[in-house]
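Take a look at the sequence and the model below. Start with the ligand, then turn to one helix.

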Amino acid sequence: MFTPQVFIETPRLILRQWKASDHEPYIKLNRDTNVMEFFPSVLSREETLAQIERISNHITQYGYGLFALERKDNHKFIGFTGLSHPSFESHFTPCVEIGWRLSRANWDQGFATEAAKACLDYGLHTVKLGEIYSFTSVYNVRSEQVMVKTGMVKQGVFDHPLIEDGDILKQHVLYKIS
Ligand SMILES: CC(C)(COP(=O)(O)OP(=O)(O)OC[C@H]1O[C@@H](n2cnc3c(N)ncnc32)[C@H](O)[C@@H]1OP(=O)(O)O)[C@@H](O)C(=O)NCCC(=O)NCCS
């Protein structure tokens, strides 16, 4: 049986490499319009599977990435939290970004904040990154709250270059921790 590499443990969570049993719950998560409210669209099965492959390869290559989140109490996969490299050009790129996406049933229990604090610590002190950024739509208050609660500092707002002009999701908040 494949035992995925564990990178971080918190009191309630395991942050690890992805495994095959994560595929179906992550496909479902990316089809949920609540979860994907602040993204241009929900993702198809094929798009999600391609994304998992990219994420997984990134973790293998760099020793960090968007880690699969597993609850310790029931061993269920609940989404991801971790570090990645934004694919667009802006005044703060190239950089390392922290991001999170959890299934709706697992929101508002502090899981994203718990995982994010551990990832920031891992990024800054184990990987020895000088700084880590985070950004989200100005309307994504839940996500911005995670940035605030993890001690990240607001840098301002910017227009996301991959989002069409005039789209309500274009303007993003930008946070950083050093
Ligand atoms: C953003 C997300 C990861 C947060 O996960 P979570 O586990 O619920 O986060 P936490 O419980 O750690 O913290 C959420 C905080 O937002 C607060 N919050 C929730 N809804 C809120 C609202 N409408 N307005 C203001 N604050 C809100 C919660 O009360 C909590 O803060 P508190 O602990 O100070 O009370 C989750 O909502 C998610 O997966 N969203 C969809 C994906 C996404 O948008 N990802 C980010 C894209 S950049």
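A backbone N or O atom of Gly110 lies 2.8 Å from an oxygen atom of the ligand. This is a predicted model. Arg142 uses a polar side-chain atom, 3.3 Å from a nitrogen atom of the ligand.

| Residue | Protein atom | Ligand atom | Distance |
|---|---|---|---|
| Gly110 | backbone N or O | oxygen | 2.8 Å |
| Arg142 | polar side-chain atom | nitrogen | 3.3 Å |

How much of the ligand does the protein bury? Taken alone, the ligand exposes 960 Å², and the protein buries 74% of that.

The shell around the ligand has 22 residues. Leu102, Asp108, Thr113, Asn140 and Lys149 come nearest. Ten shell residues are nonpolar, eight are polar and four are charged. β5 (97-102), α3 (111-126), β6 (132-137) and α4 (141-149) each supply at least two of the shell residues. The largest share, six residues, comes from α4.

Now for helix α2. It covers residues 45-62, which makes 18 residues.

Which residues of α2 are buried? They are Thr48, Gln51, Ile52, Ile55, Ser56, His58 and Ile59. These cover an arc of only 155° around the axis, so they sit on the same side of α2. On the other side of α2, Glu46, Glu53, Arg54, Thr60 and Gln61 are exposed.

Key. Residues are numbered from 1 along each chain as its sequence is written. This is a predicted model: local features need pLDDT of at least 70, side-chain atom pairs count only at pLDDT 80 or more; totals for chains, interfaces and linings use all residues. Side-chain values use heavy atoms; hydrogens and water are left out. A residue is near a molecule or strand if one of its heavy atoms lies within 4 Å of it. A polar contact is a pair of N or O atoms within 3.5 Å; within protein, one must be able to donate a hydrogen and the other to accept it, and residues adjacent in sequence count only if both atoms are side-chain atoms. Accessible areas come from the Shrake-Rupley method with a 1.4 Å probe; for residues, only the protein chains shown count as cover. Helices (H or I, at least four residues) and strands (E, at least two) are DSSP runs, numbered from the N terminus. Ala, Val, Leu, Ile, Met, Phe, Trp, Tyr, Cys and Pro count as nonpolar, Asp, Glu, Lys and Arg as charged, and the others, Gly among them, as polar. The expected span of a helix is 1.5 Å times one less than its number of residues. Buried means under 20% relative accessible area, exposed over 50%, partly exposed in between (1.4 Å probe, protein chains only). The arc is that of the directions from the helix axis to the C-beta atoms.
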